[in-house]
Amino acid sequence: QVQLVESGGGLAQAGGSLMLSCVASGAFVGRQSMGWYRQRPGQERESVANITSHKEPTYADSVEGRFTISRDHPKNSVYLHMTNLQPEDTAVYYCFTRTKFIGGTYTDYWGQGTQVTVSS
């Protein structure tokens with residue numbers, strides 16, 4: 001069973017920074033991608049950043065240039081360094097991984113979420 005555990009959320013002031021961490025445990029097979037989603041109050045969950053081992057990270061337009069995703073394969077960890085935080089970044093942030101298999105099937109896993117609150 002794959003488990004994802006996030007940490008690092010909290011309260012920040014506008015212009016501040018936070019580092020989110022996600023540690024994955026369990027068995028991994030197939031190709032893995034990892035990333036971060038967030039769900040802002042009253043909004044649908046949206047992709048924030050994604051990273052794979054074979055291509056450049058991708059970011060939502062709203063965080064491009066401010067957030068940086070990184071991955072530590074030996075530690076099965078993924079991080080989200082958030083800078084210049086804005087009140088609109090307030091959300092629950094979820095760690096995410098997708099395991100892709102030959103043939104096109106996949107399995108998704110989600111963390112429990114960590115709250116990020118940005119005050120003006």
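**Entry 1: the model**

I am working with a predicted model, in which local features need pLDDT of at least 70 and side-chain atom pairs count only at pLDDT 80 or more, while totals for chains, interfaces and linings use all residues. Residues are numbered from 1 along each chain as its sequence is written, and side-chain values use heavy atoms, with hydrogens and water left out.

**Entry 2: the core**

I looked up the largest nonpolar core and found 26 residues in it. A nonpolar core here is a set of buried Ala, Val, Leu, Ile, Met, Phe, Trp, Tyr and Cys residues joined through side-chain atoms within 4.5 Å. Buried means under 20% relative accessible area, exposed means over 50%, and partly exposed is in between (1.4 Å probe, protein chains only). Trp36, Leu80, Met82 and Tyr93 have the most contacts inside this core.

I then checked which strands supply at least two residues each, and they are β3 (18–25), β4 (31–39), β5 (46–51), β7 (67–72), β8 (77–82), β9 (91–100) and β11 (114–119). The largest share, 4 residues, comes from β3. Strands are DSSP runs of E, at least two residues long, numbered from the N terminus.

I listed what tyrosine 93 touches, leaving out residues up to four places away in sequence. Among its partners are Leu20, Trp36, Val48, Phe67, Leu80, Met82 and Val116, and also Glu6 and Arg38. Contact means heavy atoms within 4.5 Å.

**Entry 3: threonine 97**

I found threonine 97 in strand β9. Is threonine 97 buried or exposed? Threonine 97 is buried, because its relative accessible area is 0%. A polar atom of its side chain lies 2.9 Å from the backbone oxygen of serine 33.

**Entry 4: the loop between β8 and β9**

I placed proline 87 in this loop. Proline 87 counts as partly exposed because its relative accessibility is 32%. Leaving aside neighbours within four places in sequence, I found proline 87 in contact with Ala14, Val118 and Ser120.

Asparagine 84 has a relative accessible area of 39%, so I noted it as partly exposed.

**Entry 5: asparagine 76**

I found asparagine 76 in the loop between β7 and β8. Asparagine 76 is not a glycine, yet has a positive phi of about 50°. At 32% relative accessibility, asparagine 76 counts as partly exposed.

Notes. Polar contact = N/O pair within 3.5 Å; in protein donor to acceptor, adjacent residues only side chain to side chain.
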